[in-house]
Amino acid sequence: MATASSGVRRAATRAPRSLRTPGTLAFVESPVQLLNVLEWAHTATYDMTDVMVVVLSPVDPMSRGQLRRMAELARDEGCEVRWEDARDGAGAPLRTVGGLAGALRRADRVVIGDPFSRYVQLLLTFVRAPALVVVDDGTATMEFAGQLARGERLVRWHRRGGRPGARELLLAPVTTSARRRLAPTPRRTVELFTAMPVDEALLAEALPGITVTANELTWTRSRFGPPRLTRSADLVGTSLVETGVLDPDHYLRAVRSLTRGHGATRYFAHRRESADKLHRLAVETGLEVVRPDLPLEVIARRGPIGRTILSFPSTVVHTLPKALVGTDVKVAVCDIDPAWLSANASPRAPGFLAGVATTARDVRKLRVLPVT
């Protein structure tokens, strides 16, 4: 499989255990979250040397690799980056939380990327900062904003409904505390920094004082590009099979139809797509599978990139048009046929995915293709 770039130095995976207290303390668990911390600081004209980014490292190698590359970019901007192997063994969470508790209590501002994360929810119980910022973690931001406004418990959209399990019941007090932290008070401001469409009126009515700031990907556009364009189309992969939403056979047939119908030659894999699925996809479609070493918004802006980018409903149908504004690249989104869903898909999946596609601006809408 190809990678988007090579020859990159390896970022350190260990940091000194002493932890100074910066003005802003940011917690990230994915490359996109770290990208959007940089976008937030750039938009706010905030001094990046006063930002400490704490990477709560995931386990999968592709996410770790992209996070290392993003950590390099953050250091280049002046941020301090602390890498935490937060899932390295049974005792890692306790060590991580214990090492961060003091800084959490003293920080003036805390930035988080995934309010659904149990890890982040636990850290929020220590927060005393007068300012809290939530940056994008993809399409989950849309669901988070709606659940927060409606006073619902925080549940990822692709999870099946039903009664909470034993783990959820055990962590319920942590989740409830986190929800309280995510609501503005006379002593705490809350900002949602997002490139995704959210119902600002509903949020403002339910949570008076919350601020919604548009993420226009200005840092990405100022640092990279404009890209060189190829003559063919590129296809963006999705982890909807891995999360149990789509049936793998139907997904493969849909990719094959898009490839034939639009002349796609490259497939940009999602960092959580399995190696077996990608191998099968490459063999059966002839696509060149590319494992990006950075978020796709940066990869596309650096180029080379296809004149047309094809995608299923996902974050990139909202972010790529912003990152590629001023270029001749066209982004197109293909609807998800309900027949493609797996037997275990959440009942909420069809409506949520349709909403992701229909609310995307400056993209071409593709009809559902026959999956032959």
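## Ground rules

Helices (H or I, at least four residues) and strands (E, at least two) are DSSP runs numbered from the N terminus. The model is predicted: local features need pLDDT of at least 70, side-chain atom pairs count only at pLDDT 80 or more, and totals for chains, interfaces and linings use all residues. Residues are numbered from 1 along each chain as its sequence is written, and side-chain values use heavy atoms, with hydrogens and water left out.

## Two loop residues with positive phi

Let's begin with Thr45, in the loop between helix H1 (31–43) and strand E3 (51–56). Its phi is near 50°, a positive value in a residue other than glycine. Thr45 is exposed at 70% relative accessible area (exposed means over 50%, buried under 20%, partly exposed in between, with a 1.4 Å probe and protein chains only).

Asp362 sits in the loop between helix H13 (349–358) and strand E14 (364–366). Here phi is near 60°, again positive in a residue other than glycine, and Asp362 is exposed at 73% relative accessibility.

## Two cis peptide bonds

The bond from Gly225 to Pro226 is cis, with omega near 5°; Pro226 belongs to the loop between helix H8 (218–223) and strand E9 (229–236). The bond from Gly303 to Pro304 is also cis, with omega near -5°, and Pro304 lies between helix H11 (296–302) and strand E12 (305–311).

For context, most residues other than glycine have a negative phi, and most peptide bonds are trans.

## A buried serine

Ser63, in helix H2 (residues 61–76), is buried at 0% relative accessibility. Leaving aside neighbours within four places in sequence, Ser63 is in contact (heavy atoms within 4.5 Å) with Pro31, Pro58 and Arg271.
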